[in-house]
Structure formats: structure tokens, C-alpha cells
Amino acid sequence: MTAPAVAVFRPDDDRLHEAVSLLESLDCEPVADPMLAVEPTGAHPRTDAEFTVLTSKTGVELVDEGDWVPTGELCAIGASTADALREHGYGVDVVPETYSSTGLVDALRDDVEGARVEVARSDHGSDVLLDGLRDAGAYVHETVLYRLTRPVGAGESCERAAHGDLDGALFSSSLTVEHFVEAATERGIRGGAITGLNDAVVGAIGRPTADRAVDLGIEVDVVPDTADFETLAREVVARIRERD
């Protein structure tokens with residue numbers, strides 16, 4: 001049986017390499033098509049906060065490179081961010097049960113009234129987090145650590161999808177969905193690429209990503225209960241094999 005072709009859109013760093021290795025271990029053909037590039041801003045988070053929130057592994061790496069020392073309770077929006085913090089020697093005080101902006105707001109809601117909260121993240125962070133913390137009575141400051149852009153040349157997966165050569169796709173953020181559609185549009189194959197995805201097994205790492213895909217006409221087949229890339233990949237591959 002031919003190895004299923006599965007598109008992965010992670011940034012071209014260790015995350016993409018790990019994703020490719022994982023798909024190869026699952027006897028798949030990885031279609032590595034980075035849809036995100038990280039551009040650091042050089043900004044540093046405030047150091048007088050009573051709660052400090054980090055939302056990604058990338059953010060952890062950037063603030064660690066800047067010799068930043070967090071203050072107050074250190075909060076991570078998900079397990080991968082928490083693991084990255086621990087790997088860099090930081091203690092983690094809060095990880096929400098639901099790995100999302102809403103989940104973190106729910107975890108902090110009863111504790112942040114009147115407190116200074118620092119949120120350090122990308123330029124595409126959800127307003128849900130900031131608004132929710134403010135509604136809970138916090139004084140919120142946001143530091144944009146990095147910008148997320150679409151790499152020049154991204155779009156191999158769009159071509160594969162338009163030709164019916166993809167069996168699966170792994171969307172790890174709403175922005176990867178948007179960049180996929182933008183890349184397909186620039187190539188004049190938006191309709192064909194979306195049709196090709198809808199004939200494949202599409203996975204989204206969380207409900208916001210799935211909702212954005214649906215908004216753009218992409219049918220989502222898999223949204224794992226745990227917002228974890230490995231879980232997403234394994235569930236999508238399992239669904240592909242169920243079809244065979």
C-alpha cells in the first residue's frame with residue numbers, strides 16, 4: 001500500500017523536523033510545507049507583573065535568549081509551552097485544563113482582580129485572552145515578542161491538494177489555515193486546493209483552528225480532545241487508515 005501523503009505546516013525549525021520524523025514513523029509521506037515564519041521583535045516583557053503568561057514554545061525561547069527573568073506566577077497556555085519553560089529552568093504555576101485562551105482565563109479568573117498581568121506572545125494572539133483577563137479585573141500589558149508571516153515559496157501542499165495528491169493535512173493554528181488559502185489563491189488554485197483538502201482527512205489542533213478552516217470552506221474531520229500536535233497527527237493518520 002502506498003504511504004499516505006500528509007501535509008504539515010509548522011515553522012521550519014525543530015518543530016517541522018520533529019513533525020516529519022513523527023509522520024515517517026507512522027509510515028506516511030510527509031509533505032513539509034512551512035506556512036509560518038518567526039520574526040522576533042526584540043521586545044522584552046515587563047518584570048513587575050504579578051502574573052506572567054506565555055503562550056508558545058517560540059515565546060519561551062525568545063525571552064530566554066534575552067536573559068529575561070519572569071516575575072509573579074508563571075502561566076503557560078498549554079503543555080508544550082509549560083514543558084519548554086521547565087526545560088529552560090523556569091517553574092510553572094498555572095497550566096489550564098483546556099489549552100486555549102478561554103481555558104487560561106477560566107483558570108485565572110478568580111485570582112487576578114487588581115493584579116498586573118503580563119502577556120508575552122506573537123502578533124496574532126487572540127483578543128479573547130486580553131479581554132477575558134481585563135473583564136476579570138486584571139491590569140493587562142501585552143508584549144509582542146515576534147511576528148508570524150508566511151514564508152516566501154510556501155504552497156507545495158496547495159499544489160498537491162489541487163491535484164488530489166494529499167491524503168491528510170495537519171493544521172496547527174488558525175494562521176496556518178489562512179496562509180494555506182492565501183498561498184493557493186496566489187497560485188490561482190484556491191477552489192481546487194480546498195476541494196482536494198475536502199477529499200482528504202483534515203485535522204485541526206483546536207476548536208478555533210477548526211472554526212477558521214470551516215469559515216474558509218475547509219471541512220474538518222479531526223479535532224483531538226488534547227491540543228497537542230502528536231495527538232493530532234496520530235488521530236489523522238488513524239482516520240486515513242480507516243478509510244482504506
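Predicted model: local features only at pLDDT ≥ 70, side-chain atom pairs only at ≥ 80, totals over all residues.
Good morning. Leaving aside residues up to four places away in sequence, Phe-180 touches Phe-9, Met-35, Ser-157, Cys-158, Ala-161, Phe-171, Ala-193 and Leu-197. At 0% relative accessibility, Phe-180 is buried.

The structure holds three aromatic pairs. In one of them, the ring centres of Phe-9 and Phe-171 are 4.6 Å apart and the planes meet at 15 degrees, so this pair counts as stacked. Where in the chain do Phe-9 and Phe-171 lie? Phe-9 belongs to the loop between β1 (5-8) and α1, while Phe-171 belongs to strand β8 (residues 168-171). The two are 162 residues apart, and their pairing links distant parts of the chain. Phe-9 is buried, with a relative accessible area of 0%, and Phe-171 is likewise buried, at 0% relative accessibility.

Phe-171 also pairs with Phe-180, in this case edge-to-face, with 5.8 Å from centre to centre and 85 degrees between the planes.

In soluble globular proteins, nonpolar side chains tend to be buried together. The largest nonpolar core here has 24 residues, and those that touch the most other members are Cys-158, Phe-171, Phe-180, Leu-197 and Ile-218. Which elements give two or more residues to this core? They are β1, α6 (156-162), β8, α7 (174-186) and α8 (190-199). The greatest contribution is that of α7, with five residues.

A further helix deserves a moment, namely α4 (residues 101-108). Its buried residues are Ser-101, Gly-103, Leu-104, Val-105 and Leu-108. Among the elements that cover them are β4 (51-54), β5 (73-76) and α5 (127-135).

I turn next to the cysteines. The count of disulfides in this model is zero. For Cys-28, the nearest cysteine sulfur is that of Cys-158, 20 Å away. Cys-28 is buried, with a relative accessible area of 7%. Cys-75 is buried as well, at 0% relative accessibility.

Asp-27 lies in the loop between α1 (14-25) and β2 (29-32). Its phi is near 60 degrees, a positive value in a residue other than glycine. Most residues other than glycine have a negative phi. Is Asp-27 buried or exposed? Asp-27 is exposed, with a relative accessible area of 54%.

Charged side chains form my last topic. One of them involves an aromatic ring: the charged end of Arg-10 sits over the ring of Phe-229, 4.6 Å from its centre.

How many salt bridges are there? The count comes to 17 salt bridges. One of these joins Glu-50 and Arg-116, with 3.8 Å between the closest N and O atoms. Glu-50 is in the loop between β3 (37-40) and β4, and Arg-116 is in strand β6 (residues 116-122), so this bridge ties together parts that are 66 residues apart in sequence. Glu-50 is partly exposed, at 34% relative accessible area, and Arg-116 is partly exposed, at 36%.

Other bridges lie within a single helix. An α-helix has 3.6 residues a turn, so residues three or four places apart point the same way. In helix α3 (residues 79-87), Asp-83 and Arg-86 are three residues apart, about one turn of the helix. Their closest N and O atoms are 3.5 Å apart, and they form a salt bridge. Asp-83 is partly exposed, with a relative accessibility of 39%, and Arg-86 is partly exposed, at 46%.

Finally, Glu-29, Glu-156 and Arg-160 are linked in a network of salt bridges.

To close, I return to the residue with which I began. Thank you for your attention.

Conventions:
Residues numbered from 1 in each chain as written. Heavy atoms only, no water. Disulfide = S-S within 2.5 Å. Buried < 20%, exposed > 50% of the residue type's maximum accessible area, 1.4 Å probe, protein only. Helix = DSSP H or I, 4+ residues; strand = E, 2+ residues; numbered from the N terminus. Phe/Tyr/Trp six-rings, centres within 6.5 Å; stacked < 30°, edge-to-face > 60°. Lys NZ or Arg CZ within 6 Å of the ring centre and 35° of its normal. Core = buried A, V, L, I, M, F, W, Y, C linked by side-chain atoms within 4.5 Å. Contact = heavy atoms within 4.5 Å. Salt bridge = Lys/Arg side-chain N within 4 Å of Asp/Glu carboxyl O.
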